[in-house]
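Please look over the sequence and the structure shown here.

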Amino acid sequence: MQFNDGTGRQEAMVPLRVKRNILSRGWYFTTPDSVTGMRGSCVFIPCRFTYTNSMPADLRVIWYLLQGNQYPPVYDERQDVISKYRGITSLTGSVGEQNCSLKINKLDEIHGQDRLYPWIDKNPITFYHMADHSFYDKTTQIIILDHAPDPQLSTSDTPRVEEETSVVCSVQHTCFSSPPLLTISGILGSDHTSDTSVSDGVWERRIERRWTPKEEDQSVKCTVRYQGGQTATSELRLHVRCPYEKITMTEHPIKATEGVAQSVICSVSYKCRKNKPTIVWNYSDMQRSVSDEQLPNNNFVARSNLTFIGSLDDNGKSLTCTAQFLTGNTSDSTIIHVKKYEKPIEVVKMEEVFHTLAGEVPFRFPALTQSCVVIPCSFQQQENMPLTKGVWTKKSGRNIYHNAQSQVLDHFKGRTKILGRMHEGNCSLEIDDINAFDNGPFCFHAEHKKEKYRFNSSCVFVVMKASPDKPAMTQIPTEVDAGTIVTVSCSVTHTCSSHPPEFSWSVSNLTNEATHTLLPQGVWKSTSTITFMADGGDGEKSLTCTASYWRGRKQATTGQLTVRGSLGFQLKRSLPVTIPVLILLLIVTVAAVVIFKRKKSQRPPPRPEKRRSLWERLSRRQPVNSGKPPRPEKRRSVWSRFSRVEDSAMSFSQS
């Protein structure tokens, strides 16, 4: 049997053996060597017979149980059969069709291993019992099963959400009149059941369920139940695919101006909430927002809004958005065209009355989004009428800075202020937490009472930068010895002089100095210079400098240097501990030598003993010799040794 999805093939075969003329009666039959049936169900023994000559009339088919020299019938339409087969056997074919197939109902354990054979002759089998013929190799053995085999489960193709498909469950059996019952659970749909003959005596029951997969569908089960009560269940895990459409990019930045923010949106539709995509851009340092929406048709759509800020270096490059699903990715891209900002021609409205003075503001000025920017501004102060009231406006005339906050646009309230001293001709403007769309142009004006003053070259266009510059690190030695003092600097340029970047290093430093230098065009350079000692230990070391910009933006630069763990460094490092210990040991050693020599000089050396003769060495008496040690005292009695009187007398006599 070939499955529709091509996942496999299942075959069932019943070997039929041709059993030639049993008793040379001119006929033979074919039956299988064995048949298998479930307890409580039924089984068919397929049988075909053929006569070599003309078939006699009035033939009948009798089935017998192989039992020694006896011939107990299990099926005979004219006589009674043995008890265990009584009422449960019948022929399924007819003699005229040369079909001798036998059906056995309600199989029981007592039928197991029985061997049956047919007799198709006009004379009874007992007529030939004296021939002593063996019927063993002409029988069919009955095998009884008590445990149901597992049904086969398969899907017609890979299930996809909201796309109708089918699942098929099948099982083979040997009882066509009472086939097993198949049920499918776990998914909802409509069923179609069919039975097919696989071979003589074997059929296949098949149930197909058509259903529309949902993302919640995890598995499907198929249960088979036989007439005898045996059941078996198979389970198939459903890996339901969640289809999605190709991601599309809208509002392409076909013609962009450097530093001018544009909204670029990518959207993608998908079927499953669990398969929610992650949308990524090849420009990862720009602001973005993500939204997800459920549509009325149970679909979902994910959108990512990128605030794209192009630079001249981006001209001709590709902008790409990619939706990353669990089962794959989809992308869309466009080519970026960026042009340089050009100073517009200023047109003064005739109805406006201004006094034009000399001023100086850069016509384009860079700024880092989400940080701050300080726009340099200066003007020529009037000697007879000092200007102390400055106003910054958009080209439309709406105020972005005014000393009266009520006259400032809501978008800029609390974010702008003049840092310079107006009476000194300094009108520098700070914009804090600058937005990606705060490009301007912004223009400076001055007021004195009811008079308004404008300045030539007083409008600035802010060129936005999406990400801060990486710090520039001075060259560091390729190789150094451990313990060497190294000096290295790290610097960045910025336009937020009121809140300059702060530096941090990945090594402990001995000194750390920060400097801020004003470059031309109002750009500042902040530098951090440190000295540090190269740690011991051979190998390549990393040195990282991190610049933290105002309001949390960061950039880092890493350099590499190889450190050689020198012996001199190890000695220097241990010197503060080693020297005191050595001095203490030296003092203790010198003191010990002096004491030993002093004691040795106060004690005279022992007088060498004159060599004595063998007799003298063995004798208790000492020879009389002035040069010899004094003779030992005469041995005293026990009383004298314990008497004090004798001791006193001896002391007196000695005195």
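The points below go from the whole chain to single residues.

This is a predicted model, in which local features need pLDDT of at least 70, side-chain atom pairs count only at pLDDT 80 or more, and totals for chains, interfaces and linings use all residues. Residues are numbered from 1 along each chain as its sequence is written, and side-chain values use heavy atoms, with hydrogens and water left out.

**The chain as a whole**

- The protein chain has four helices and 45 strands; helices (H or I, at least four residues) and strands (E, at least two) are DSSP runs, numbered from the N terminus.
- Of the 655 residues in the protein chain, 40% are buried. Buried means under 20% relative accessible area, exposed means over 50%, and partly exposed lies in between (1.4 Å probe, protein chains only).
- Contacts are heavy atoms within 4.5 Å. Among contacts in the protein chain between residues at least 6 apart in sequence, 64% join residues at least 24 apart.
- The protein chain has an accessible surface of about 38,300 Å², and carbon and sulfur atoms account for 51% of this surface. Accessible areas come from the Shrake-Rupley method with a 1.4 Å probe; for residues, only the protein chains shown count as cover.

**Disulfides**

- A disulfide is a covalent bond between the sulfur atoms of two cysteines. Here the term is applied to a pair of cysteine sulfur atoms within 2.5 Å, and the structure holds nine disulfides.
- One of the nine disulfides is formed by C42 and C175, with sulfur atoms 1.7 Å apart. This pair links distant parts of the chain, 133 residues apart: C42 is in the loop between β3 (34-38) and β4 (43-45), and C175 is in the loop between β13 (165-173) and β14 (181-185).
- The S-S torsion of C42 and C175 is about 105°, so this disulfide is right-handed. Both C42 and C175 are buried.
- C377 and C427 are also joined by a disulfide, S to S 1.7 Å.
- C377 is buried, at a relative accessible area of 4%, and C427 counts as buried at 0% relative accessibility.
- C443 is joined to C459 by a disulfide, S to S 1.9 Å. C443 is in strand β36 (residues 442-448) and C459 in strand β37 (residues 451-465), 16 residues apart.
- With a torsion of about 110° about its S-S bond, the disulfide of C443 and C459 is right-handed. C443 is buried at a relative accessible area of 5%, and C459 is buried at 12%.

**Residues in loops**

- N275 lies in the loop between β21 (261-270) and β22 (278-281). N275 counts as buried because its relative accessibility is 3%.
- The N275 side chain reaches the backbone nitrogen of L326 at 3.1 Å. Not counting residues up to four places away in sequence, N275 touches C242, Y244, Y270, F325, L326 and T327.
- L59 is in the loop between β5 (48-51) and β6 (61-65), and is buried, with a relative accessible area of 11%.
- L59 and K122 are 63 residues apart along the chain, and their C-alpha atoms are separated by 5.5 Å. K122 is among the residues that L59 touches, along with Y51, V95, I120 and D121, not counting residues up to four places away in sequence.
- I82 is in the loop between β7 (73-75) and β8 (89-91). Not counting residues up to four places away in sequence, I82 touches L65, P72, P73 and V74.
- I82 and L65 are 17 residues apart in sequence, and 9.1 Å apart in space, C-alpha to C-alpha.

**A surface patch**

- I485, L510 and M533 make a nonpolar surface patch of about 280 Å². Patches are made of residues with over 30% relative accessible area and no salt bridge; like charges are joined within 9 Å, and nonpolar side chains (Val, Leu, Ile, Met, Phe, Trp, Tyr) within 5 Å. A salt bridge is a side-chain nitrogen of Lys or Arg within 4 Å of a carboxyl oxygen of Asp or Glu.
- M533 is in strand β43 (residues 524-533), and counts as partly exposed at 36% relative accessibility.

How values were computed: A polar contact is a pair of N or O atoms within 3.5 Å; within protein, one must be able to donate a hydrogen and the other to accept it, and residues adjacent in sequence count only if both atoms are side-chain atoms.
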